[in-house]
Amino acid sequence: MIPYQYNLRSIWVRRVTAIITVLGVALVTAVLAAALMLAAGVKKSVSVGGQDDVAIIMRAGATGELESGVDESAVGLVLSQPGLAQENGKPIGGGEIVVVVALDKLGAIGFSNVNMRGYSDQSLKLRPNLKLVEGALPKPGTDEAMVGRGILGRFKGLTLGDQISVRKNRPLRIVGVFEDGGSGAESEIWADVVTVRAAFGRQSGVSVVRARLASAGGIEAFRAVIESDKRLGLKVKSEPDFLAAQSEGLSKFLTIMGFIVSLFFSLGAIIGATITMHAAVAHRTREIGTLRALGFSRYAILMGFLMEALVMTVTGGAIGLLAALALSSTKISMMNPATWSELVFALAPSTQAFVTAGLFSVGMGLLGGFLPAVRASRISPLAALRS
Amino acid sequence: MNLPGLAVRNIYRNPVRLALTVAGVAVALLTFVTLRTAVMSWDEAKNYTLKDRLVTRHKVTFVMDLPKNYADDVRDLKGADGKPLIRASTFLNWFGGKDPAHENDFFATIAADHTTFLTVYDEIKIPDDQLKAFNETRNGAVVGDLLAAKFNWKVGDNVTLESPIFGARENGEPWAFKIVGLYSTTSKAVDRLTFYFRWDYMNDGVRAEAKDRVGWIASRSVDAARAAEVTAAIDKRFDDADTQTLAQDEATFFQGFMGMVSSVLAIMSYLSYIILAILGLILANAISMSVRERTNEYASMKAIGFRAKTLASLILTESTLIALAGAIPGVILSYLIVDVALGDFLEYNLANFFPVFRVKFWTYAEAVAAATVIGLFAGIVPALTVARLNVVENLRRVA
Amino acid sequence: MSAEQSKSVGSAISIKGVVKEFTRGGQTLRVLDSLDLHVPEGSFEALMGPSGSGKSTLLNLIAGLDKPTSGEITVAGARLDKMSDAEITAWRAANVGIVFQSYNLLPVLTALENVELPLLLHKMTSAERKKRAQIALDIVGLSDRMGHYPRMLSGGQEQRVAIARAIVNDPKVIIGDEPTGDLDRNSADEILKLFEQLNRELGKTIIMVTHDPEAAERATVIRRLNKGVLA
């Protein structure tokens with residue numbers, strides 16, 4: 001093998017072009033890593049806090065809470081089934097209603113939809129991480145609401161003490177701000193279930209029923225009971241399963257977009273690496289000839305130049321990953337097509353994102369360095385004798 | 001021979017590098033044009049909206065509907081002078097239908113009042129005999145010609161849809177439709193991928209509490225210039241009612257809709273700038289390398305008596321020309337791939353998201369201008385290096 | 001430039017008390033020490049000396065490529081030590097022709113175009129440029145190689161193109177930096193013959209640095225430089 005110092009010094013000699021190449025690779029790697037961190041952020045924020053022993057009961061054909069509807073009569077029936085955890089002789093669980101309200105965005109044109117959830121005291125028991133960070137909990141039966149910390153201040157009316165109108169002369173007053181361990185609920189407005197049902201004319205039922213199972217393993221038996229009753233037309237999902245499905249579309253979209261964009265972007269970086277390596281080889285024809293004359297094999301030359309390309313792109317990859325990491329606290333607000341509403345989430349650094357983007361930078365080095373390296377390996381030992 | 005001529009010859013000196021650079025610039029510009037077009041297409045789609053077409057919906061949320069009598073009230077709305085403000089009006093419902101045979105394909109299913117629908121959406125063209133059949137068939141549906149082609153539907157086909165919003169029909173039967181017509185459009189304001197069926201058929205089948213409710217009301221005002229006045233009049237009409245409305249002209253409605261995609265558009269905008277940065281890096285790399293290899297030539301030209309300024313402009317000419325050399329295939333590539341191939345594909349298959357996906361002339365101009373300016377900037381550092389070149393040292397290095 | 005016009009009429013190059021120092025790694029090295037040199041117009045002089053004697057430095061000073069630490073340098077009537085870089089550059093374009101050891105032709109230009117290159121610095125029509133370049137190539141005996149690129153020429157031919165380039169502006173002074181250093185004996189002889197011809201027939205003042213005693217013999221005056229001092 002050629003001593004690695006030989007190739008490292010060559011990079012140093014051509015440092016301007018090498019730095020440019022490193023920067024190009026860094027940009028591409030940062031873009032890919034950021035896209036994957038976005039996708040991971042969606043997944044994380046939507047699925048965080050999902051509990052194995054919480055079941056969501058919804059209409060059979062529905063893919064989300066918004067589409068789903070459960071009749072009032074069915075709610076009691078569902079909660080009376082065996083297999084649910086009990087407290088003071090009553091099952092832990094209750095109906096929740098989910099609607100979206102169109103609110104004007106602050107700091108951007110247009111409006112977007114925000115999830116509004118009508119909840120009961122039962123809902124709070126099913127979300128152990130939810131806690132008030134400012135203001136007060138809405139009093140049951142009033143037109144008071146609380147807003148998730150993620151969405152706070154991003155829409156008109158969504159600040160503590162402000163109000164949003166849902167019905168003539170019946171504005172909802174924002175009295176509290178809550179957090180829920182970074183979950184999707186932090187992108188929602190919560191108000192009393194009775195208030196929301198009244199405001200939206202949904203007296204006949206709720207969107208879904210959430211309930212705590214006596215044990216996580218009991219879900220199959222519970223599902224069998226609910227789903228076997230075709231008249232109910234309901235299905236049962238565990239909370240983690242349900243949440244995973246809610247993030248799937250958006251995170252898939254972001255991942256695919258990230259790859260497509262990065263692929264196009266990487267062509268530029270690969271070409272940059274090729275230009276650099278091509279020049280490195282062209283300039284050292286005589287040196288390479290000498291190395292061959294000294295007895296280094298074609299393979300050794302090929303590997304030497306591939307290593308040289310890899311050192312550059314991996315350095316660029318590392319810089320890109322650091323840049324992406326620096327973005328990791330950035331919050332993004334985006335519409336989640338699965339819920340038709342805005343989701344606020346942070347770019348989440350994940351091992352998978354880093355490994356993928358890192359490997360991508362290695363790939364760029366291999367692709368960019370390959371042709372010049374092959375060219376170098378084909379240089380004849382006679383080149384040492386020519387000037 | 002002149003100095004620009006020398007710059008041109010220098011460009012051809014290293015064909016491999018030239019080819020790589022041109023390819024790099026072309027691909028970067030293709031990416032730039034694609035991203036810009038995606039961003040602009042939303043803006044562009046707005047140009048197809050009609051200022052005199054008004055949409056009246058529930059003030060708070062799209063998931064809630066309006067009483068059907070609101071549609072009559074809007075239609076009959078009069079101005080302060082007692083003259084009508086609305087010349088045509090219809091009402092529609094989002095059905096959310098899914099075809100079990102095409103589980104993963106999204107398409108819009110809308111229930112529309114067949115008697116008035118075409119007066120508001122006059123861009124929709126249905127052959128007379130098919131329109132007659134639509135009027136005579138209670139479960140009839142007219143389907144966009146592109147959607148029909150996608151699912152291989154023909155006039156006379158029976159289609160059964162499921163609706164998670166409304167469930168099964170009240171009588172327990174499935175939602176069965178008969179395709180009686182295919183529509184095309186004369187404007188991109190309306191997509192050709194929607195499944196329209198009769199509102200009265202939907203109203204028959206929904207549960208009691210959902211009966212006689214409409215999702216939104218679409219109307220044509222008597223005068224496009226009075227859009228603001230008419231929409232205000234509509235909202236005022238229902239201001240005291242339990243359910244309030246938000247009436248907007250189509251352009252404003254569309255603008256508001258942008259809020260739902262604004263973050264995606266912003267990200268695409270950022271990306272389009274990043275690709276320009278990468279473009280700059282490719283050019284800077286190529287030009288700085290070329291100049292570096294030719295250091296002694298520039299030194300001897302300086303020794304002959306060429307001024308620093310002349311040599312610097314020689315290098316800037318070269319870098320700008322390389323950028324242009326890449327910009328031209330980049331624009332051609334963009335036309336073929338984005339405008340022709342991708343544009344057709346998206347407009348036919350994703351018209352709900354990209355009703356228009358065509359590269360604007362300005363985007364091409366922007367791409368060429370960006371490449372030229374970046375080419376010029378990429379040459380600055382090498383040009384300065386050569387301008388400051390120490391002749392003695394660099395001639396020595398050669399000898 | 002007229003203010004710097006020298007009184008020393010009859011001398012192409014006049015150097016008085018020139019000192020040149022370089023600072024390398026914190027140490028100051030005196031390469032030329034109070035050097036005086038007078039080259040009359042129409043002289044053909046060879047400058048010899050061991051490596052490091054300062055002969056290339058002296059040549060660079062005469063060509064205006066470098067500036068002295070102190071002392072006066074007058075070449076073709078101009079006080080180089082008092083001129084700005086821009087002035088010297090313009091002066092060089094009109095008054096000096098330089099011939100390098102390694103020819104330094106631009107590989108992308110033909111022989112004719114390489115000779116035309118310095119003329120781009122002067123206002124003239126392209127036809128006139130071409131004519132003058134042809135004449136220069138004719139003088140060096142390469143009128144049949146005008147369309148050839150440097151890579152198609154032998155070393156001696158390349159150097160003759162370089163000489164044509166050096167004389168195309170009709171400068172008073174021609175400076176050669178080891179002009180035969182890269183050439184074989186025969187080619188070197190041809191180049192030296194050309195120098196003699198330029199000196200005799202066109203009256204050019206020529207000063208060249210060389211290692212080669214045989215080349216030096218062809219000059220009318222041989223000067224030896226040792227440790228920054230002329231012998």
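Student: Let's start with salt bridges. How many are there between chain B and chain C?

Tutor: The idea is a distance rule: a side-chain nitrogen of Lys or Arg has to lie within 4 Å of a carboxyl oxygen of Asp or Glu. Between chain B and chain C that gives one salt bridge. The partners are B:Arg9 and C:Glu113, with their closest N and O atoms 2.3 Å apart. Keep in mind that this is a predicted model, where local features need pLDDT of at least 70 and side-chain atom pairs count only at pLDDT 80 or more, while totals for chains, interfaces and linings use all residues. Residues are numbered from 1 along each chain as its sequence is written, chains are lettered from A and ligands numbered from 1 in the order in which they are written, and side-chain values use heavy atoms, with hydrogens and water left out.

Student: Which elements of chain B give two or more residues to the side that touches chain C?

Tutor: Elements here are DSSP runs numbered from the N terminus: helices are H or I with at least four residues, strands are E with at least two. On chain B they are α1 (3-11), α10 (295-304) and α14 (391-398). By class, that side has twelve nonpolar, four polar and seven charged residues. For the classes, Ala, Val, Leu, Ile, Met, Phe, Trp, Tyr, Cys and Pro are nonpolar, Asp, Glu, Lys and Arg are charged, and the others, Gly among them, are polar.

Student: And how do I read the area buried between chain B and chain C?

Tutor: The size of an interface is often given as the accessible area lost when the parts come together. Here the loss is taken with a 1.4 Å probe and summed over both parts. For chain B and chain C it comes to about 2200 Å², with carbon and sulfur atoms giving 67%. On the chain B side, B:Met1, B:Arg9 and B:Ile304 lose the most area, together 30% of what that side buries.

Student: Which pair of chains has the most contacts?

Tutor: Contact means heavy atoms within 4.5 Å. Two pairs of chains touch, and A and B have the most contacts. That contact takes 55 residues from chain B and 57 from chain A, and the two chains bury about 4500 Å² between them, 69% of it on carbon and sulfur atoms. There are two salt bridges, including B:Lys98 with A:Glu67 at 3.8 Å, N to O. On the chain B side, α2 (15-46) and α9 (250-293) are the elements that give two or more residues, and α9(B) gives the most, with 25 residues. Chain A and chain C do not touch; their nearest C-alpha atoms are 13 Å apart.

Student: What about inside chain B: how far apart are the C-alpha centres of domain 1 and domain 2?

Tutor: Domain bounds come from an automatic or database assignment. In chain B they give domain 1 (3-47 + 261-398) and domain 2 (53-222). Their C-alpha centres lie 49 Å apart, and eight residues from each domain make the contact.

Student: Last one: in what order do the strands of the open sheet in chain C run?

Tutor: Strands of a sheet pair through backbone hydrogen bonds, either parallel or antiparallel. Two strands count as paired if DSSP finds at least two bridges between them. In chain C, six strands form an open sheet in the order β6-β7-β8-β3-β9-β10, with mixed pairing. At the edges are β6 (96-99) and β10 (229-230), each pairing on one side only. Four bridges join the parallel strands β3 (residues 44-48) and β9 (residues 221-226) of chain C; C:Ala46 has C:Ile222 as its bridge partner in β9(C).
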